Amino acid sequence: MTFCTFGGVAQGKGYFVEVGRMGVMARVAFFIGITMTRREAFIALNLLPEIGPGRVRLLLQCFSNPQDALGASVESLMRVPRLGAAGANVLHDWEKHCDLLNEERRCQRAGVSIVTCEDVSYPSQLREIHDPPICLYLRGDLMALQKSGNALAVVGSRTVTQYGVASTRLLASDAARAGWTIVSGLARGIDTIAHTAALDVGGCTIAVLGSGLEHLYPQENLGLARRIAENGGAVISEFSLGTRPERHNFPMRNRIISGLSRGTLVVEAGLQSGSLITAAQAIDQGRTVFAVPGRIDSLYARGCNALLKDGARLVESYDDIRDEFSILPGLSDTAIRREQAQQDALAQIAEIQLNPLEYRLWCAIGDGDREIDALVDELDVPASSVLGALLTMEIQQVIRQLPGKLVCRVPDRRVKAKKD
């Protein structure tokens, strides 16, 4: 077992995910005689270089399913628009470019869920954008993605003034109290303050990374990431576990911040701030942009003031955000809180039907924490089948994966065996 840190810091910082390695022989055994599912194919596509959400969309227009795209000839792939020779060769030899089983095993051991674009837990609002991510890696509570239906992005400069700190705390905490999920990027400055303000009032918050979950950036926010994951929120990324925080990743993650949210609030930003990229993407996605006005002589206010000149909604208090959405059905504060309560109640009383293997696993897990390897031995079922069933059960929100290759039941879930 090996431990990986965020940001490559190996000493004195602690760890957010724990990952392990597996050998080539196990990987070979996995693929012999086993049919790849659509879900596995999407995860594999997400791991490949030269392939992204836009090209996956084009592939699905040319092939009936993602598995066929991975098994197609180079000649067939060359006929896909804008794929090119490099993309065709990567797809044809996809097993040389990614290790699907190792990625899934490492996620299992780290307590990381992978939500694909076709899974029920994938946020419906995110599906609406032009280039929705193929997969979301998640550490925390899957329910946070469902709560993102009423989400507000709060973003701004990494360097902040006392005015920016006070404004962010006030607006993010008031929105979280009203039932909004606060979405931001876990960066220094405004992002950190927004996440913390939501947590301090018992609200839900989602952090979107510009790196894989093994390499959280900045490292100084490791404790905040843990706090988010342990208090009903989620830390998510579209990047594979081992992706480092490269500069070009952050504009990509910004479209997810705005895409998850009904509106984007920019609190404090200079003219070159990445927050303006998020605001521009929100506009392209048809979402509302809000901005807090600043001093005319402050460098950190110029971005916000420019947004206001271009038509962003001016915000002086949470009431300005509330009033913007209150005219839309179901988006008043009362309706949002009622919807969240209904979702929580339905999740507790809904009876989930499990197939025979899933039901056997449910019974075997019992009321405590169980090791995945012990479940494989006890049920005498191939490890790949057990892992697939556990992933499905986690998406159905009847079990939760824990660090150390452990699983447990989600409390108050009712299940029954599916009838043939």
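Predicted model: local features only at pLDDT ≥ 70, side-chain atom pairs only at ≥ 80, totals over all residues.
View 1. A search of the whole structure finds three aromatic pairs, and Trp180 and Phe325 form a tilted one, with 5.2 Å from centre to centre and 45° between the planes. Because Trp180 lies in the loop between helix H11 (162-177) and strand E6 (181-184), while Phe325 belongs to helix H17 (residues 318-326), the pair ties together parts that are 145 residues apart in sequence.

**View 2. The edge-to-face pair of Tyr217 and Phe250.** Tyr217 and Phe250 form an aromatic pair whose geometry is edge-to-face, with 6.1 Å from centre to centre and 65° between the planes. Tyr217 is found in the loop between strand E7 (205-208) and helix H13 (222-230), and Phe250 in helix H14 (residues 249-259), so this pair ties together parts that are 33 residues apart in sequence. Tyr217 counts as partly exposed, at 36% relative accessibility, whereas Phe250 counts as buried, at 14%.

**View 3. A charged group over a ring.** In this view the ring belongs to Trp362, and the charged end of Arg409 sits over that ring, 4.1 Å from its centre.

Definitions and conventions:
Residues numbered from 1 in each chain as written. Heavy atoms only, no water. Phe/Tyr/Trp six-rings, centres within 6.5 Å; stacked < 30°, edge-to-face > 60°. Helix = DSSP H or I, 4+ residues; strand = E, 2+ residues; numbered from the N terminus. Buried < 20%, exposed > 50% of the residue type's maximum accessible area, 1.4 Å probe, protein only. Lys NZ or Arg CZ within 6 Å of the ring centre and 35° of its normal.
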